[in-house]
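Keep the sequence and the 3D view open as you read.

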Amino acid sequence: MGMGIVYALAAGLMWGLVFVGPLLLPGYPAALQSVGRYLAFGLIALPFAWFDRAALRQLSRADWLEALRLALVGNLIYYLCLASAIQRTGAPLPTMIIGTLPVVIAVSANLRNARRDGRLPWARLAPSLLLIAAGIACVNQVELAALRHDPDADLTRYASGVMLALLAVACWTWYPLRNADWLRAHPDRSPRSWATAQGVATLPLALIGYALLWGGMEAAGSGFAMPFGPHPMAFVGLMAVLGLCASWLGTLCWNEASQRLPTALAGQLIVFETLAALAYAFLLRGEWPRPLTLAGIALLIAGVLWAVRVRPEPVVATEHGA
């Protein structure tokens, strides 16, 4: 349990980086940032694939198809929605919408995986969920108040950002549940090799996406300087950092956590990603969070600390007589 929590924290610190990436390259289309990040992830995974080649050979065709599905939904589509949302609303609002993931995943996993992982009793789980939800509401209230006082705010653009962030939540509710299913069904497999397999599966998807995007932009006469945009060094460097830290290392740490923790508890620990993203966003803004924001962060931390004290109870199947 202890090491699982440490790995989940490390994954959150890595994943928090993706929330500031779109703000560092505001003139770059979100689709280009998505395929660029995962093209870097796929290329970075290739050397690791060589070292893990013996483990990768053990994967069946069904395993590789699952890796492709996870890569498509949990990587490319998720980050396309998230980057688009951040460019439309700024970092804090999508961060807090994504911050609902601990609640959404915990509830989904507790309904879906009780027989496998044990059931986290709702009475004991509820206080942590309420604390996390209250923390999210506090931080969200600050951001919404700032929007109301911004005369240049484009409400339609913000609304589309909210919808894209909700789609990102849907993608990343599905991803950890399916990823945990595979890991728990294959306890003899290395989480590192499974992270590498997802990177290898991402590479052809990212290459196809990059080619389609490039061709589409050329056909539309967008004038955007493909393949790397007007700031190629900044773009390539940022994509490499996100590909290594947020994609490969983050996935590796999350896989390690997923093998050690009940899915419902691991889902709540995604709150570390929200806290890291908020910290990075405020550092980028060069300002301290407001008191209500700090109160919300404190509630999020309290919810996580409460959650790690809850232990799953085994579900006893009802015996039926002949």
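Keep in mind that the model is predicted. Phe 235 is also at 2% relative accessibility, and therefore counts as buried.

How are the rings of Tyr 28 and Phe 235 arranged? Their centres are 5.1 Å apart and their planes meet at 10 degrees, so the pair is stacked. The two residues come from distant parts of the chain, 207 residues apart. Tyr 28 sits in the loop between α2 (21-24) and α3 (30-51), while Phe 235 belongs to helix α12 (residues 232-260).

## A tilted pair and a cluster

Across the whole structure there are eleven aromatic pairs. In one of them, Trp 172 and Tyr 175 have ring centres 4.8 Å apart and planes at 40 degrees, so this pair is tilted. Both residues are buried. They lie three residues apart in helix α10 (residues 155-185), about one turn of the helix.

Trp 172 and Tyr 175 also belong to an aromatic cluster with Trp 15, Tyr 78 and Trp 254.

## The nonpolar cores

The largest nonpolar core holds 87 residues. Leu 32, Tyr 78 and Leu 82 touch the most other members. Helix α5 (residues 61-89) gives the most to this core: twelve residues. A second, separate core has five residues, among them Ala 106 and Leu 120.

## Charges over rings

Two arginines lie over ring faces. Arg 37 is over Tyr 79, at 4.6 Å from the ring centre. Arg 53 is over Trp 50, at 4.0 Å from the ring centre.

Methods. Residues are numbered from 1 along each chain as its sequence is written. This is a predicted model: local features need pLDDT of at least 70, side-chain atom pairs count only at pLDDT 80 or more; totals for chains, interfaces and linings use all residues. Side-chain values use heavy atoms; hydrogens and water are left out. A nonpolar core is a set of buried Ala, Val, Leu, Ile, Met, Phe, Trp, Tyr and Cys residues joined through side-chain atoms within 4.5 Å. Buried means under 20% relative accessible area, exposed over 50%, partly exposed in between (1.4 Å probe, protein chains only). Helices (H or I, at least four residues) and strands (E, at least two) are DSSP runs, numbered from the N terminus. Rings of Phe, Tyr and Trp (its six-membered ring) pair if their centres lie within 6.5 Å; planes under 30 degrees apart count as stacked, over 60 as edge-to-face and the rest as tilted. A charge sits over a ring if NZ of Lys or CZ of Arg is within 6 Å of the ring centre and within 35 degrees of the ring normal.
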